[in-house]
Structures are given as C-alpha cells and as structure tokens.
Amino acid sequence: MVTEQQSELSEAQIAVHWREEEYDFPPAGFVAQANAADPEIRTRFAEERFPECFTEYADLLSWDARWQTTLDTSNPPFWKWFVGGRLNASYNCVDRHLATDRNKAALVWVPEPEADGTVAVTYQELYRRVNEFAALLRDFGRLRAGDRVTFHLPMVPDLPVSMLACARLGVIHSQVFGGFSGGACGERIADSGSRVLVTMDGYYRNGELVDHKVKADEAVARAAELGQPVDTVLVWRRHRGQYASRAPMVTGRDVFVDEVLRDYRDAVVEPVSMPAEAPLFLMYTSGTTAQPKGCQHSTGGYLAYVTGTSKYYQDIHPNDTYWCMADIGWITGHSYIVYGPLSLGTTSVLYEGVPTYPDPGRPWRIAERLGVTIFHTAPTAIRMLRKLGPDEPRQHDHHFKHMTTVGEPIEPEVWRWYRDVVGKGEAVVVDTWWQTENGGFLGATLPALEPMKPGSCGPGVLGVYPVIYDEHGDVVPAGSGKAGNICIRNPWPGIFETIWGQPERFVQIYYEKYCRNPDSTDWRDWPYFAGDGAVQAADGYFRILGRVDDVINVAGHRLGTKELESASLTVEEVAEAAAVPVIDEVRGRAVEMYVSLKPGVTASEGIERKVAQAIDTHIGKIARPMHVWIVPDMPKTRSGKIMRRVIAAISNFGDVGDTTTLSNPEIVDSIRHHVQAEKLARGQTPRQLTPQEADEIRKFGNAE
Ligand code: WT7
C-alpha cells in the first residue's frame, strides 16, 4: 500500500544532486600482482552464465562430495546452493593448509596494552586449539551438529578458535557483539535456543580491563525469563589461570575453559561432513521491529562466496598480511577476518582494542610492525583517525597495497585522506557495500579492473546484478539522477537462508515488496529488497544513500528505532518514545531520543538518565543516545502516528516541512524552541545539511 507520506516523499521522486567525482586508477604495482587482472573474468560471471558461474567460487574449496545442483529454486525464495555437496568449514579454514603452511601464522593477535606484544597462532597451533575446543564442546558441552551455541566474546584468538570448533562439529554458532549488553545477549540466546554460552572474564578496552563475565549472568537470567535455560557457561580467561571478573562463578553451571581443556589435550576431532545448505552460523541484526533477526548463513554457499570475494575483491594472496579492523561480532569480522582469509590460507590480524588507544598512531604502528599489506576498516574509524591524528600515518613506514572501506557511505573528502595519507597513494581503495544478510560484498569495484570513484561503491560484484526500482516496481534508469530502492535481481551463494525461526518474516521483509509472482519458481520473479536507497550513475556505479527502513546506522552499526524505543518504554514514567538520527561528524549518524511522559509525571534529569540507562541495559553502550529530550507531546498525524521526520528535522536544525497534516501542529514550535536552544547553549552549533542529508531527514520514518 502506498501511504500518503510515501507518495509524497518516495525515494524515487527525490532528485539527488551531487557532484560526480572523477575516476581514480589503481597503482600499476597493484595491478601487476592482482588476483583478478584479466578482464575476461567479467565474461565468466556474465548474466547468461548464472548460476553456473559460481562454481568458480565453490571450486576454491575442498569438498567431501561434489554438489549435483548448483542452484535449487524449487522453494522460492529459500534458495539452496550446491545441493548434494558436502564439506566442513573448519577443515577448509585450517586442516587443508597444514600440508604446505603449517608453520605460517594463521592469526596474529595484537592485545590492546601495547607493552604486551603480539601473539602469532600458526595453522598447526590453530589446528590443535580448534580440535581441543571441539572435543570439549562435544564431550563436556554435549553438543551435536545442528545445536546452537551463543558466544559473547571480545576480540581474542579464542573467538575464531570457538567458531571453527563449532564448525568442525556442525554446531551453529551465534556470536553476539561483545559490546552488547547482557540483556541483548540473553534475548539472542533465547531466540536461537542455545543452552550453552561461551564468554570471557574480561578484556581490554581503552586502557581498562573491562569486567565482561557480569554480562553472562544477566544474559542467562534474561534468557531464563524468556523460557530458555542455559545449563553451561564456558568462561575463557583473558589471562590464563587468573580471573578478572568480580562476578562469582556459578557452581554446576560455569567453568573455566582453560581448566577443562586440560582433559582434552591433543584431542583430535574428525571434521563432520556437512551438507552445503546446513547452517554454519547465525548473526543477529536490527530491523523494523524490536526483535532482532537471526540471519542464518549456510556452510557451502557462504564459504564459497566469502572465499571468492576475499580472493578477487580483497585481493588476498596466501603470503599477504591482512588486517581487518572490524569486530568479529559483526558480519564483516565473520566473513572478512575469519572465514574468507583463513579459507585462503593467509595471515589475518586481530586487534583487541580501540583504534585510537593509546593515541591515533596506534593502527599505523601495528601495520608497520606486522608488515600489513591489506587494510580494511569503516568510514567511522577513518573519520576518527583523521580528526585526531591527521598527520599520524605520515610518521610511519607502513605500506598497503589495498585498502577497504565498509559499512556506511564515505564522504569523498574522507576517501581522499584515506587514499593519500593512510595509503600514501600506493594502495587501491575498495568501497564495499553489503549487509549482514548478504554474507559478502554486493557492490564494489574489481580493484585492478574497474576504476575507483570516491563515494560510490561501484557496480554490482561478479555474478550479482543490482537494479533500482521505484515504489511501483519500475526500473529507475542509470544516469537519471533519481534515487530508488536498490534490489538484487538474482540470488547469490552468500545470501542468508532465512531468519532463524521466522520464515514468514524472511519472505515478507526481503522479497514480498517486488515479487512478481508468488507461485513462480523462476528466480527472476524474486528480486531481493535490500532496504537501502541508492542512485545509479550513467556508468553503472551505485551510490548508496542509506536505509529506507527505520534503521539508524551509528558508526557502521545498525540500530533499529523500534529497539531503541522499546528499551525507552521500559522506563516506568515514559509514555511514548521516538528515536531519530542526527548527523554526526565522526560516527556518521548518532541517535537522539524523544520521550513523552505519563500523565502527572514531571520531567527531570533523572528520567533522562533512566532512559539512557535503559538503552545501555537493553542494547549496549554503542546505542547510547546523544540526548534524551522530554517533550510535552509528540507531533502526530491525525491517525495518531508519531511523525518522526518532524522531530528528526528539529534535531538536525533542518526544515520541518509541511506540518498541516498533524493533529497537533502547535507542538512543533515548542519542541523546536526547547531542543534547539539547549543545543546552542551547549555549543552544538548546526552546520548546513547537504542536500542528501536533508533528503534523508525529510523521509525519515516513512517506513511506517
Ligand atoms: C547497511 C548494512 C556491510 C557489512 C557491515 C554492515 C550500509 C554498508 C556500505 C557502503 C554505503 C553502506 C547500508 C546497508 N552500508 N556498506 N559501502 N556504503 N552504505 O552491515 O550492519 O548489516 O549494515 O550498512 O545501509 O544496508 P549491516
């Protein structure tokens, strides 16, 4: 149904005005060594070769049994890749490299305290650790193929070890970002039906040894409330033999992994041969409802896809030293720190802490010391490092051949600093657009073959065919200057299989909008709806504008407005809550909460603090709002819906637009006065919004 607001403000009707940027070409040194240097590769992945083109990715893996059907479309849109094939992901990421590379570092771990020195884990050592932990999970944890296990782990080698140990058994891991609260972890435990939680006592962040085990107790309590008992909590210790948490160990439930592991010394666990379509892991992400979605990723399709894209887009060679600064708690870390790089047998760097600790020179010291050749990070980190240490990279003798950016749109100016100062003009820059749901890249330039354009992710990647549709399902042509909803016309091996336990939502959210015929088993009738607004330039390059649903991208992390709002509503005094994005120089977007109170309750700073605290408890500190504004009432439509775009405009000092359809238009001026006066008093002087930012704010909240 097209609502009044949508027809008034749909993406497709917004003409987007930005300056087309000039192309930039990869350095010759890069091209000479690139994995994808022959333009013929585009022909191999041409649309008429679909889906068989993807056998090229699958052939990068070692299979126990070869597949019979490359793509099974018999139950759309539940696509099945490489059906009949069997393999083990742990075998592919570990065992198969032993013959040639057993003493090469698989992982190099950099603890946050700089004096601690780095730790290299060779493929042989990784093999040992994965086998021992797999034996522990199987025999002590009583876990079998198909069971789910939740991890709440920081950036330590024990995390990839735990993932690969699960993969060895066919156990489905579900890693929850370490920065999320115990409550958020508990909800994911319950949703996935995990009876085992793997956590750690503490870890270093910003110079502090954070107590992490306390969150495990909150998580188990929350899961129990939701009906899911946890009988075993496996606690890794940051310093073996020393316990860093003040939370007591619960007898009969909690054990120290390093102690139990003694019983499994040198154990060897045969990798379980799994069907290609068996789930490998769940990764939760935010959407339009308060409940996070467990994206279920497959074994064969996913691993083939991340291996292929790591080879051609990350340009990983076995002798590279590759550093992706993301957290493994996000999909980027799963695909492009662990599974893709290790499947290719390269050395993958893991950094425990924050990039600016103890100073913004830290990443460049790490890169120089370790001889990093490929560097991968998000625009928010680039902006932060540029702001705090604009000349720092010049002080260091690091040399990258390739640099990736991921997770949010990057401003051309920031892109140029990345290329010129961080990359010293020696590296190719690849802007990669994709999502938790997708397993791997969707839009990016082939680094040796397609020129870069600052601010654009480039064309669809090999074998992926994006299109922009307007609200009616008509194609918005390239070069029209109009934005619309970016969709992918075809399935690809990295696409998630379903939302864990909610197949109807999977169909409804991602496929219903543009499905041409629900009875059809032809994939052409089932475009994938990505939930992003985008524009396609005449040369076919896409520029991603941001989410069209109620999701706010803060520092590259997706936060659902509904999650923020329902957390705020747990505060007794709060009657209504609305979350809106504010433009933030470093984090891209930040969150501001608007709340109205129950009758008879007086506004106070105490209530503001309680709302911020509730968000910390239910989601985590990353979601903490910049401001909590208590308002006498929300601006509402006549049907009672909160007009988020109006408060979003106020928070951003933008144009509130037409308010005549509101049932209470008089409220707008009073909120504006209160909010903007306070911001000015705190020195938060607004800057002029760019036309794209103004468009984003103007359409915010349309999805309702
Ligand atoms: C959303 C997905 C990609 C894995 C990490 C984030 C935005 C992602 C880009 C990019 C512009 C981007 C989109 C997307 N996004 N990459 N290169 N340029 N926007 O995964 O948390 O699932 O977020 O991030 O809006 O839908 P995620």
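This report describes a predicted model of a single chain, moving from its overall dimensions to selected strands, residues and backbone features.

## Overall dimensions and composition

The chain has 704 residues and a radius of gyration of 25 Å, which agrees with the value near 27 Å that a compact globule of this length would have. Taken along the principal axes, the C-alpha atoms fill a box of roughly 75 × 60 × 60 Å. The secondary structure comprises 22 helices and 30 strands.

Of the 704 residues, 63% count as buried, and the chain exposes about 25400 Å², of which carbon and sulfur atoms supply 49%. Among contacts between residues at least 6 apart in sequence, 73% join residues at least 24 apart.

Strand E8 covers residues 196–200, and five of its five residues are buried, so the strand is largely enclosed by the rest of the structure. The burial applies to both faces of E8, with Val196, Val198 and Met200 on one side and Leu197 and Thr199 on the other.

Strand E8 pairs in the parallel sense with strand E6 (residues 148–152) over three bridges, and Thr150 stands opposite Leu197 of E8 in this pairing. Strand E8 also pairs with E11 in the parallel sense, here over five bridges, and Val198 stands opposite Leu234 in E11. Strands of a sheet pair through backbone hydrogen bonds, either parallel or antiparallel.

Arg237 is found in the loop between strand E11 (232–236) and strand E12 (254–256). With a relative accessibility of 5%, Arg237 counts as buried, because the cut-off for that class is under 20%.

The side chain of Arg237 makes a polar contact with the side chain of Glu259, at 3.2 Å. Leaving aside residues up to four places away in sequence, Arg237 touches Met200 and Asp201, together with Gln242, Tyr243, Phe256, Asp258 and Glu259. One of these residues, Met200, belongs to the buried residues of strand E8 described above.

## An open antiparallel sheet

Four strands form an open sheet in the order E21-E22-E24-E25, with antiparallel pairing. Strand E21 (466–469) and strand E25 (542–547) stand at the edges, each with a single partner strand, so one side of each is left without a neighbour in the sheet. Neighbouring strands of this sheet are turned by 45 degrees against each other on average, direction ignored.

## Ile337 in helix H13

Ile337 lies in helix H13, which covers residues 331–343, and is buried, with a relative accessible area of 0%. Not counting residues up to four places away in sequence, the contacts of Ile337 are with Met155, Cys324, Ala326, Ile328, Thr332, Leu342, Ser348, Val349 and Leu350.

## Backbone features in loops

Most residues other than glycine have a negative phi, and most peptide bonds are trans. Against that background, the peptide bond from Pro76 to Pro77 is cis, with omega near -5 degrees, and Pro77 is found in the loop between strand E1 (69–72) and strand E2 (80–83). The peptide bond from Tyr357 to Pro358 is likewise cis, with omega near -5 degrees, and Pro358 lies in the loop between strand E17 (347–351) and helix H14 (362–370).

Positive phi values occur at two residues described here. Asn206, which is not a glycine, has a phi of about 55 degrees, and its position is in the loop between strand E9 (202–205) and strand E10 (208–211). Asp266, also not a glycine, has a positive phi of about 60 degrees, and Asp266 lies in the loop between helix H11 (257–260) and strand E13 (274–275). With a relative accessibility of 45%, Asp266 counts as partly exposed.

Key. Residues numbered from 1 in each chain as written. Predicted model: local features only at pLDDT ≥ 70, side-chain atom pairs only at ≥ 80, totals over all residues. Heavy atoms only, no water. Pairing = 2+ DSSP bridges. Axes fitted to C-alpha atoms, helices over the stretch in contact; angles between N-to-C directions. Buried < 20%, exposed > 50% of the residue type's maximum accessible area, 1.4 Å probe, protein only. Polar contact = N/O pair within 3.5 Å; in protein donor to acceptor, adjacent residues only side chain to side chain. Contact = heavy atoms within 4.5 Å. Rg over C-alpha atoms; globule rule 2.2 N^0.38 Å. Areas by Shrake-Rupley, 256 points an atom, 1.4 Å probe, with all protein chains shown as cover.
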